[in-house]
Amino acid sequence: MGVNITLRSHPFTLIAALILQMTYLRTSLVSHAAKYAIAVAENLTYKVALDQVAVVTFTDKSGTIIEVNDYFCKLSGYKRCELIGQNHRILKSGHHPIEFYKDIWKTLSSGMIWRGEICNVNKNGELYWVDSSLVPCFDADKKIEKYCSIRFDITKRKLAEIQMLYRIA
């Protein structure tokens with residue numbers, strides 16, 4: 001299928017071969033760029049959708065908050081600038097024992113995903129509950145680079161559960 005071209009070939013043949021190769025490379029680059037643009041657009045769509053219904057935060061590997069979404073600011077009562085650089089301990093309600101948090105860090109630092117419910121306190125001192133998935137993010141060397149948390153507000157459900165318990169008791 002290919003043409004055997006050497007430096008001894010006619011100059012026009014060399015030029016034609018180079019033009020064909022450049023056209024192929026250009027087409028290939030355009031195709032890859034288009035696929036990349038589509039992937040970026042899809043990821044942005046997922047992010048926008050998730051940000052509407054979930055609390056999303058990223059921390060560095062030591063647990064310092066490096067990114068938060070608007071929903072987290074709304075639920076916690078803190079401004080973004082008050083959260084960035086802090087640790088999630090700023091939200092600690094006192095409801096969970098220290099072993100609870102040790103278990104979370106043990107799970108995450110071993111590269112595993114932690115799932116569970118956490119009782120936090122907002123800036124105004126009000127308790128709120130979140131159903132949480134805490135996920136380690138890995139770099140190219142498969143080392144933990146940062147953590148992502150995705151949380152859903154379940155405060156209304158928890159309050160209903162507590163009311164049911166008091167009715168039964």
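Asp51 is buried, with a relative accessible area of 19%; buried means under 20%, exposed over 50% and partly exposed in between, with a 1.4 Å probe and protein chains only. This is a predicted model, in which local features need pLDDT of at least 70, side-chain atom pairs count only at pLDDT 80 or more, and totals for chains, interfaces and linings use all residues. Residues are numbered from 1 along each chain as its sequence is written, and side-chain values use heavy atoms, with hydrogens and water left out.

**Overall form**

- The chain has five helices and five strands. Helices (H or I, at least four residues) and strands (E, at least two) are DSSP runs, numbered from the N terminus.
- Their order from the N terminus is α-β-β-α-α-α-β-β-β-α.
- The radius of gyration of the chain is 26 Å, whereas a compact globule of 169 residues would have one near 15 Å. The radius is taken over C-alpha atoms, and the globule rule is 2.2 Å times the number of residues to the power 0.38.
- The C-alpha trace spans about 95 × 35 × 30 Å along its principal axes.

**Surface and contacts**

- Of the 169 residues in the chain, 30% are buried.
- The accessible surface of the chain is about 12,300 Å², and carbon and sulfur atoms hold 62% of it. Areas come from the Shrake-Rupley method with a 1.4 Å probe; for residues, only the protein chains shown count as cover.
- Among contacts in the chain with a separation of 6 or more, 39% join residues 24 or more positions apart. Contact means heavy atoms within 4.5 Å.

**Largest pocket**

- The largest pocket holds about 480 Å³ of space. A pocket, on a 1 Å grid over the protein atoms alone, is an open set of points where a 1.4 Å probe fits, with protein on both sides within 12 Å along at least five of seven lines. Grid points are joined across faces, edges and corners, and a volume is the space filled by probe spheres set on the points.
- Its lining has 23 residues, and Asn87, His88, Tyr101, Ile104 and Trp105 lie nearest the centre. Lining residues have an atom within 4 Å of a point.
- Strand E1 (55-60), helix H4 (98-109), strand E3 (114-121) and strand E5 (144-153) each supply at least two lining residues.
- H4 gives the largest share, six residues.
- The lining divides into 11 nonpolar, eight polar and four charged residues. Ala, Val, Leu, Ile, Met, Phe, Trp, Tyr, Cys and Pro count as nonpolar, Asp, Glu, Lys and Arg as charged, and the others, Gly among them, as polar.

**Second largest pocket**

- The second largest pocket has a volume of about 160 Å³.
- Its lining includes Asp51, Val56, Asn69 and Cys148.
- Helix H1 (11-53), E1, strand E2 (65-68) and E5 each give two or more residues to this lining.
- H1 gives the most, with five residues.
- By class, the lining has seven nonpolar, two polar and three charged residues.

**Asp51**

- Asp51 sits in helix H1.
- Leaving out residues up to four places away in sequence, Asp51 touches Val56, Asn69 and Tyr71.
- Asp51 and Ala33 are 18 residues apart in sequence, and their C-alpha atoms are 27 Å apart in space.

**Lys142**

- Lys142 lies in the loop between strand E4 (127-138) and E5.
- Lys142 is exposed, with a relative accessible area of 71%.
- Lys142 is not a glycine, yet its phi is positive, at about 60 degrees. Most residues other than glycine have a negative phi.
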